[in-house]
Amino acid sequence: MRAPRIPAPFSLPSSGRPAAACAATAVLLALSACSGGSPDHEAEAEARAKPAERPAPDFVGVQHELPDGAALDNDPDLYEHVTQTGCEATTEGWRAEGTAENTGTEEQAFSVLVLFTDPQGRSVDSAATSVTVGPGETGDWIAERDFDAPAGTLCVVRAVNAVNAAK
C-alpha cells in the first residue's frame, strides 16, 4: 500500500532564475522598509520601545519606629483565619479592621500586627491588637494609631500570632 501524496504548500519554480529574482525582490523590500523611515519615525519607535522612567515620589510624612524581631513572627496557620475588612482614616490617624475566625474546638486568642504604608508600600507606622474568639466563632478586631498619615495611606496585615487566652 502506498502513502498518499500530499502537495507542498509552496514550491519554487524549477529554474533558479525566477527564484533568485523573487528572493532579491523580497530582500530589497525588507531593506527599504527598515531604512526608509524618517528620523522622526525612528525616534518615535524608539520612545515607544522604552518604558517611561518614573522615579518613586519622595516620601512625605514621618516614618515612625516599627516593630521588629518577634513582633514580626507570623503563624501561617493562624494567618489564614484573619481577614482585613477595612482601612480608613480616623480623626487623628488611621485604622484597620477585620475578623478572626476560630475553627478549633478551644478558645483562641489572635495577635494581629498591621502596617500603615504610603501608596508606594513604604511603612509609615503600625498598630497591634488582639482578639479572643470562642470555638467555631468569628470575632472582630480593630488596630489603630494616631499619626499624620500621608495621602493614600494603605493598611497591610503583616503578622498574626497566637497569644495566651485567659481561661
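Me: Why is Ser123 called buried?

Reply: In this predicted model, Ser123 has a relative accessible area of 18%. Buried means under 20%, so Ser123 is classed as buried. Ser123 belongs to strand E4, which covers residues 123-133.

Me: What does Ser123 touch, not counting residues up to four places away in sequence?

Reply: Ser123 touches Gln63, Leu66, Leu115, Phe116 and Thr117. Contact here means heavy atoms within 4.5 Å.

Me: Why is the pair of Phe116 and Phe147 called tilted?

Reply: The ring centres of Phe116 and Phe147 are 5.5 Å apart, and a pair requires centres within 6.5 Å. Their planes stand at 40 degrees. Planes under 30 degrees apart would count as stacked and planes over 60 as edge-to-face; the pair is therefore tilted. The count of aromatic pairs comes to one.

Me: What makes this a link between distant parts of the chain?

Reply: Phe116 lies in strand E3 and Phe147 in the loop between E5 and E6, 31 residues apart.

Me: Are Phe116 and Phe147 buried or exposed?

Reply: The relative accessible area is 0% for Phe116 and 5% for Phe147. The cut-off for buried is under 20%, so Phe116 is buried, and so is Phe147.

Me: Which residues have the most contacts inside the largest nonpolar core?

Reply: They are Val82, Ala100, Phe110, Val114, Phe116 and Trp141, in a core of 19 residues. The elements that give two or more residues to this core are E2, E3 (108-117), E4, E5 and E6 (154-163).

Me: How do you know that E1 and E2 pair?

Reply: Pairing requires at least two bridges between the strands. E1 and E2 (residues 93-101) have seven, in the antiparallel sense, so they qualify as a pair. In E2, Gly98 is the bridge partner of Gln84.

Me: Why do E1 and E5 stand at the edges of their sheet?

Reply: The open sheet consists of three strands in the order E1-E2-E5, with antiparallel pairing. E1 (82-89) and E5 (138-146) each have a single partner strand, so one side of each is left without a neighbour in the sheet. Neighbouring strands of this sheet are turned by 20 degrees against each other on average, direction ignored.

Me: Which pattern does the protein chain follow along the sequence?

Reply: The pattern is α-α-α-β-β-β-β-β-β, from three helices and six strands. Of the 167 residues in the protein chain, 23% are buried.

Conventions:
Residues numbered from 1 in each chain as written. Predicted model: local features only at pLDDT ≥ 70, side-chain atom pairs only at ≥ 80, totals over all residues. Heavy atoms only, no water. Helix = DSSP H or I, 4+ residues; strand = E, 2+ residues; numbered from the N terminus. Buried < 20%, exposed > 50% of the residue type's maximum accessible area, 1.4 Å probe, protein only. Axes fitted to C-alpha atoms, helices over the stretch in contact; angles between N-to-C directions. Core = buried A, V, L, I, M, F, W, Y, C linked by side-chain atoms within 4.5 Å. Phe/Tyr/Trp six-rings, centres within 6.5 Å; stacked < 30°, edge-to-face > 60°.
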